[in-house]
Each structure stands twice: as C-alpha cells, then as structure tokens.
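Subject: Structure handover

Hello,

Please find the structure below, with its sequence. My notes on it follow.

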Amino acid sequence: MHPDHQKHGSSLQDSVIGAEQNGTAVALFDPMTASRAQWDRFHAYRRARHEEAWPDDPLYSDQETEEDERDPDPHGDSVQWVAVNQNDIVGSAYSYLRHPDSPGFAEGARFLHAYGAVLKPWRGRGIGTRLLAQIHKLMLAHGKTLLTLSTEEPDGHGFLRHIGASEKTRSFENRLLIQEVDWAARERWEAAALASLAGSRFEHYGPRVSSDIYQVLTHLLDELWEDVPLDQLEHAPIRIEMSEIEEWHRQLDRIGGAEHFIVLRDGDGSIVGITEAAWFSRIPDRVYQMLTGVRRNKRGAGYARALKAAMLREIRTRYPSVSKVITHNGQSNAPMLSINRKLGFKIHREFGTYQIDRDAIGAWLGRARQAPGALDQTGGEVRHERHPQSS
Ligand SMILES: CC(C)(COP(=O)(O)OP(=O)(O)OC[C@H]1O[C@@H](n2cnc3c(N)ncnc32)[C@H](O)[C@@H]1OP(=O)(O)O)[C@@H](O)C(=O)NCCC(=O)NCCS
C-alpha cells in the first residue's frame, strides 16, 4: 500500500535477470515504474487470488489499487515480488521496511513481517520456496533476524510448519451483523455503566480525532496496548506516535475514511475506558472495531461491554450503510471474546501467526538446495519487474 521503492531501490533494483525454473521467473514488482501491461497482469493475479481466498469480501478497483500502491509512505517502503509464468503472475510476496528515522525503528529493527501466496494450481512446485528465499535475502541485507508471517489457510499452516516456523499466537476475525444486534440489551449495558459511576458520561470524538485529544489519550492507549495478550509472539512495544497519527489522517483524507473514539469519563472527568472504530467510504457496508480498553483498576465491571455498546449506537446513527462490524481478537483474550459473544459477534476466520529465525530459514533453504536433484531453491537471481522504458 505504501510503495516508494525509489528510496531503497539501489540495492534491490540492480538485480539482473535470473534463470527461470520450470518456466517461472521471480521479479520485483515496482508500482512506481510498472507499465500498463505489468499492471494488467498484476490485477489479473490479485483478482484470481481474491476469488480463491476471500470471494465474499469487497475487491478494490484497479484504480484504487494503483493509487494505494503508488502512494508514498513517509515511514517505510513496501517490497513486492511476483512469480511470473508465461506472462501470468502465479504468486507473490510482500514485505515492508521501516525507515531508520521512523519512530520505533530501533526497537523493531530485528523484526521483519512478510506475506506470500501462490495460486492454488501452482502450489507444491517450489515457487513459495523461491519467494521465501527473496525474503531471506532481504533479511540478510537489512539486518533482520526474526520473520513474522500469518495465515488463515490450511496450505499456509502446512507450509509454515514444514519450514520450521513456530505458531506464536492465534487470533480470530469476529463479525457482528447489525441486523442481529439486541438494541435493548445494548441500552441496558450503557445505562448500567453510567449508573455505577456517579456523574459519568460517554463522549464521542470523530470523524477526526484532534491531536489535542490524542495527546491526552496517548499514555492510556500505550498502557492498554501492553495488556493486549499476544501469547508467545515476540514484538516491539506498540506505541502511539503523533507522526503516525498524522499519516493515518492523511490516508483517511485520501481514501475517504473516518475514525471514531468513545471515551467513558468518570464524574471527576478521569477516563475509565476507551474504544475506537474506523469506517472507509470504499467499503461502506462495514466498520472496523479497533482497540477497546479499560483502565487496570476499573476492569471486571462491564465498562468495556458498555463502551462497545455505545460505539454500536454511534455506528447505527452515523452509518446507515453499515451492515457488519469487524474486529480481531486473540484466542487467549478471554474477556474480550466473552464480551464479543454477548454482543453477538461470530467467528469469521481464524489466523495463526508464526515466527522463524533468519538462520533457520537459511538452513531450511540450504537443505532444500542440497537435496539430490532439487531445483536451485535459493530463488536464483531476481529479474526486476521494470517498465521497459525506465530500465
Ligand atoms: C504458503 C504457500 C505460499 C506455499 O507455496 P508453494 O509454492 O506451494 O510452496 P513450495 O512448493 O515451495 O513448498 C515448499 C515446501 O513446503 C511444503 N509444503 C507446501 N505446502 C504444504 C502443505 N500444505 N502442507 C505441508 N507441507 C507443505 C512442500 O512440500 C515443500 O517441501 P519440500 O521442499 O521439503 O519438498 C502457498 O501454500 C499459499 O499460497 N498458501 C496460501 C497463502 C498463505 O497462507 N500464505 C501464508 C504464508 S506466508
């Protein structure tokens, strides 16, 4: 979504055409320089991938996708590879490199997140391995030592276990259909919370939350993120940075989106808890329910449930187009899963998040390469998917 490959292009774009293996070549895909023909095959691939993996979800238009992919990200660069067979893309991989001067770079320096996919008819032919080899090279080039990958598909789990990655946390995408909301129960939860805290109130902020409000909330949000269970997942601390909020607002302006906070304040004005949600005009039928948190000394009293109930009220009032609310929760987040069940959320998808050390990937790739008769599974050299006129 945030490509600006020019910034780190020198090391990656010098790659020369490598040998095809079984008629498939791996190339960098650069949205900044892609020709019309390259975009066309990219769109054909993403439509095929959407059809096999998420057929019931909205698909962004070609124009929206190109705008997103070309939009420069001030905090980092996307890196994308495609596997091309006879002019058709049959697989891809994606990663993201944060700029060294971006907030939180040092704490997150050893981590790399990536995602890869191969179209079903093309699986089991070594293409995933070659894409992984490119990610491994990127880790070596940028001093990354731990790779994080998520999947919701059986083949993804099979592949990741096979290469020796460990599943560190499991999470659910939960969905609530607005038509199934029990509005009377929702009102009771709000009323009960207000009754138990003398002089308390729910406050709404949005569709843009001002930086003054963020300044007030940042400390609490950082504290709440620390308490979100992520099981064995190794990760850098999650911190709210104002430059990232500014970028988030720029993206909301660009694509037509909104953010909403509901804050529960006690009678003395202090904050008891908070919940946040986002809506995007491109996909007007859904709202994303994001972080909900209650101060440590106020937990167990129904305030999170009341906050989410208040957010549902806000959503119903503001967005008649919305038919579903989508949220993600860790499998071990028992309190939030219980709240969501009571609100009527149902599990839609289940994700496994895996991690593997760079050296373990290297050892696995080396093993594959040395196997008798095996293909060159280091991925060979990379052909740069470059516009003919710009090469
Ligand atoms: C994960 C994925 C990219 C693998 O692509 P692929 O081209 O089939 O992978 P390869 O052919 O290179 O397979 C590499 C090894 O993994 C093994 N493997 C692949 N799929 C497997 C599965 N479902 N179960 C067990 N092992 C599997 C292969 O047998 C091969 O082993 P070997 O080298 O020891 O013989 C592909 O399955 C996919 O697109 N899944 C959906 C997307 C996804 O979940 N991505 C998340 C992972 S980032």
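Residues are numbered from 1 along each chain as its sequence is written. As the model is predicted, local features need pLDDT of at least 70 and side-chain atom pairs count only at pLDDT 80 or more, while totals for chains, interfaces and linings use all residues.

Helices (H or I, at least four residues) and strands (E, at least two) are DSSP runs, numbered from the N terminus.

Next, the helix packing. Helix α7 (residues 183-196) packs against helix α10 (residues 303-318) at an angle of about 125°, with the axes 8 Å apart. Axes are lines fitted to C-alpha atoms, for helices over the stretch in contact, and angles run from 0 to 180 degrees between N-to-C directions. That angle makes α7 oblique to α10 (under 35 degrees is roughly parallel, over 145 roughly antiparallel, 65 to 115 roughly perpendicular, and the rest oblique). From α7, the contact involves Arg186, Trp189, Glu190, Ala192 and Ala193; from α10, the residues include Tyr303, Arg305 and Leu312. Contact means C-beta atoms, placed from the backbone, within 7 Å. The residues of this contact divide into eight nonpolar, no polar and four charged.

α10 also packs with helix α11 (residues 334-343), at about 45° and with axes 10 Å apart. This makes α10 oblique to α11 as well. Ala304, Arg305 and Lys308 of α10 meet Ile339, Lys342 and Leu343 of α11, giving three nonpolar, no polar and three charged residues.

Last, confidence. The mean pLDDT (the predictor's confidence in each residue, from 0 to 100) is 90 for the chain, and 89% of its residues reach 70 or more. Over residues 1-17 pLDDT stays under 50, and over residues 372-379 it is below 50. Where pLDDT is low, the predicted coordinates should not be read in detail.

Regards

Technical notes:
Contact = placed C-beta atoms within 7 Å. Nonpolar A, V, L, I, M, F, W, Y, C, P; charged D, E, K, R; others polar.
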